[in-house]
Amino acid sequence: MVAMPAVEHPLSEGSLLQAFLELDTPLGSKAEFIEGEIVVTPPPDGQHEGAVSKITKQFFRSAAIDLDIAGVKGLITPGGRFIPDGTVVPADRFDHLDPWASAEGVLLVFEVTSLNPHKDREPKRMGYAAAGIPCYLLVDRDAGTVTLFTNPEDGDYITTTKVEFGKPLDLPAPFSFTLDTGPLR
């Protein structure tokens with residue numbers, strides 16, 4: 001992960017956001033605007049992408065509703081502009097959205113930690129909660145845990161359920177299935 005270097009004359013947040021929106025990132029990298037900072041993340045490693053795939057498959061196979069999942073959907077949140085590893089919505093919700101869209105209608109987002117896990121653990125969690133996203137699922141590869149954050153209120157989630165890799169994690173309605181975290185080990 002690479003943060004933009006400080007400039008001698010700091011830009012206003014609006015100017016920095018405009019620079020972010022015009023940024024041309026290297027192929028395979030993603031740029032996010034997190035708490036007023038431009039963060040560019042290089043392409044993920046295989047273990048990261050394997051975890052994303054394992055989670056996505058379970059949603060498609062087991063969720064109680066028809067849904068869509070995007071791995072590169074830009075979301076506008078009060079904490080910035082984030083690109084979750086997975087954005088879960090009711091089927092066909094993505095069809096007419098702009099590249100950067102509001103989080104309205106998003107049911108769950110998930111992140112798999114990578115080079116800077118702090119961003120996933122705190123600023124992104126709080127941004128997703130402030131945007132009113134009902135569920136945030138964090139796969140923390142360093143800690144060997146999966147945490148489900150629910151019930152957003154006052155800029156954070158008030159309910160947290162954490163399990164170690166290998167333990168089952170019950171997901172609430174409308175998903176209504178038990179996530180198998182064993183494959184994430």
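Is Pro172 buried, exposed or partly exposed? Pro172 is partly exposed, because its relative accessible area is 30%. The cut-offs are under 20% for buried and over 50% for exposed, with partly exposed in between (1.4 Å probe, protein chains only).

1. Basis. This is a predicted model, in which local features need pLDDT of at least 70, side-chain atom pairs count only at pLDDT 80 or more, and totals for chains, interfaces and linings use all residues. Residues are numbered from 1 along each chain as its sequence is written, and side-chain values use heavy atoms, with hydrogens and water left out.

2. Pro172. The residue sits in the loop between S13 and S14. Beyond its neighbours within four places in sequence, Pro172 is in contact (heavy atoms within 4.5 Å) with Cys135 and Leu148. Pro99 is 73 residues away along the chain from Pro172, and their C-alpha atoms are 28 Å apart.

3. Fold and dimensions. The protein chain has four helices and 14 strands. These are DSSP runs numbered from the N terminus: helices are H or I, at least four residues, and strands are E, at least two. The C-alpha trace spans about 50 × 35 × 30 Å along its principal axes. The radius of gyration is 16 Å, which agrees with the value near 16 Å for a compact globule of 185 residues. That radius is taken over C-alpha atoms; the globule rule is 2.2 Å times the number of residues to the power 0.38.

4. Burial and contact range. Of the 185 residues, 46% are buried. Among contacts between residues at least 6 apart in sequence, 52% join residues at least 24 apart.

5. Main core. The largest nonpolar core has 25 residues. Such a core is a set of buried Ala, Val, Leu, Ile, Met, Phe, Trp, Tyr and Cys residues joined through side-chain atoms within 4.5 Å. Phe59, Leu108, Leu137, Val146 and Phe175 have the most contacts inside this core. Elements giving two or more residues include helix H2 (46–62), strand S9 (108–112) and strand S11 (145–153). H2 gives the largest share, four residues.

6. Leu108. Leaving aside neighbours within four places in sequence, Leu108 touches residues including Phe59, Val88, Ile133, Leu137 and Phe175.

7. Second core. A separate core has 17 residues, among them Ile34, Val89, Phe94 and Ile133.

8. Charge. There are 15 positive and 27 negative side chains, and the centres of the two sets lie 7 Å apart. Lys and Arg count as positive, Asp and Glu as negative; His and the chain ends are not counted. Charges are placed at NZ of Lys, CZ of Arg, CG of Asp or CD of Glu.
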